[in-house]
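Here is a short tour for anyone meeting this structure for the first time. Have a look at the sequence and the 3D view, then read on.

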Amino acid sequence: MKEISSPDWGSDIRIAVIAGRFNRFIVDQLVSGARDALERHGIVESNVALAWVPGAFELPLLARQLASSGKYDVVIALGAVIRGGTPHFDFVAGECARGLMRVSLDHQIPVIFGVLTTDTVEQALERAGTGQGNKGFDAAMAAIEMVETMRTVKGHLDGLPAR
């Protein structure tokens, strides 16, 4: 069995980071984590754009605009949705996830789901800090890996004869 793997992580990746302003005290930490991961892996700062939207519900629309532009290899969506006493959490979290997946499939580029969906502020802070690792950092790592894997698979497929 031939393994298709990505040997190199390129600094030429063009990345759009979009972040929801709601619960910004948490999302700022996710953005910092993502920035840290990208810098550590040699992603050129001029290849990274950051845009803010009001909240997680608005992330899919901006992701769609950026994905359809053809200017980015990947979109990283960061946000924090914290459960309250009403069903609002379920609508926002669910539609955000569905919308981001739809953008990814429709435009055939990775859209990384870095949106925290937690029951409490404390859980969100743990996931945005160092307690369980920073999920913004993890999202950026997933973005790099997905771009490189998709490039490698494309190269593999381009080398196969047509059927």
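Leaving aside its neighbours within four places in sequence, which residues is Asp73 in contact with? Its partners are Asp12, Ile13, Arg14, Ile109, Pro110, Val147 and Arg151, where contact means heavy atoms within 4.5 Å.

## Before we start

What you see is a predicted model, in which local features need pLDDT of at least 70 and side-chain atom pairs count only at pLDDT 80 or more, while totals for chains, interfaces and linings use all residues. Residues are numbered from 1 along each chain as its sequence is written, and side-chain values use heavy atoms, with hydrogens and water left out.

## Around Asp73

Asp73 sits in the loop between α2 (59–68) and β3 (74–82). Helices (H or I, at least four residues) and strands (E, at least two) are DSSP runs, numbered from the N terminus. Asp73 counts as buried because its relative accessibility is 17%; buried means under 20% relative accessible area, exposed over 50%, and partly exposed in between, with a 1.4 Å probe and protein chains only.

Leu59, Pro60, Leu62, Ala63, Leu66 and Ala67 are the buried residues of α2. They lie on the same side of α2, because they cover an arc of only 165° around the axis, taken from the directions from the helix axis to the C-beta atoms. An α-helix has 3.6 residues a turn, so residues three or four places apart point the same way.

What do these buried residues pack against? Their partners are β1 (15–20), β2 (48–53), β3, α3 and β4 (111–118). On the face turned away from the buried side, α2 carries the exposed Leu61 and Gln65. Just after α2, Gly70 takes a positive phi of about 75°.

## Val75 in β3

Strand β3 holds Val75, which counts as buried at 0% relative accessibility. Beyond four places in sequence, Val75 has contacts that include Ala63, Leu66 and Ala67, along with Ala16 and Ile18. Val75 and Leu62 are 13 residues apart in sequence and 9.7 Å apart in space, C-alpha to C-alpha.

## The largest pocket and Asn23

The largest pocket has a volume of about 270 Å³. Of its 17 lining residues, Phe22, Asn23, Val81, His88 and Val92 are the closest to its centre. β3 and α3 (88–107) each supply at least two residues of the lining.

Asn23 is buried, with a relative accessible area of 16%, and has a positive phi of about 60° although it is not a glycine.

## Gln108, out in the open

Is Gln108 buried or exposed? At 64% relative accessibility, Gln108 counts as exposed. Gln108 is found in the loop between α3 and β4, and its phi is near 55°, a positive value in a residue other than glycine.

## How the pocket was found

On a 1 Å grid over the protein atoms alone, a pocket is an open set of points where a 1.4 Å probe fits, with protein on both sides within 12 Å along at least five of seven lines; lining residues have an atom within 4 Å of a point. Grid points are joined across faces, edges and corners, and a volume is the space filled by probe spheres set on the points.
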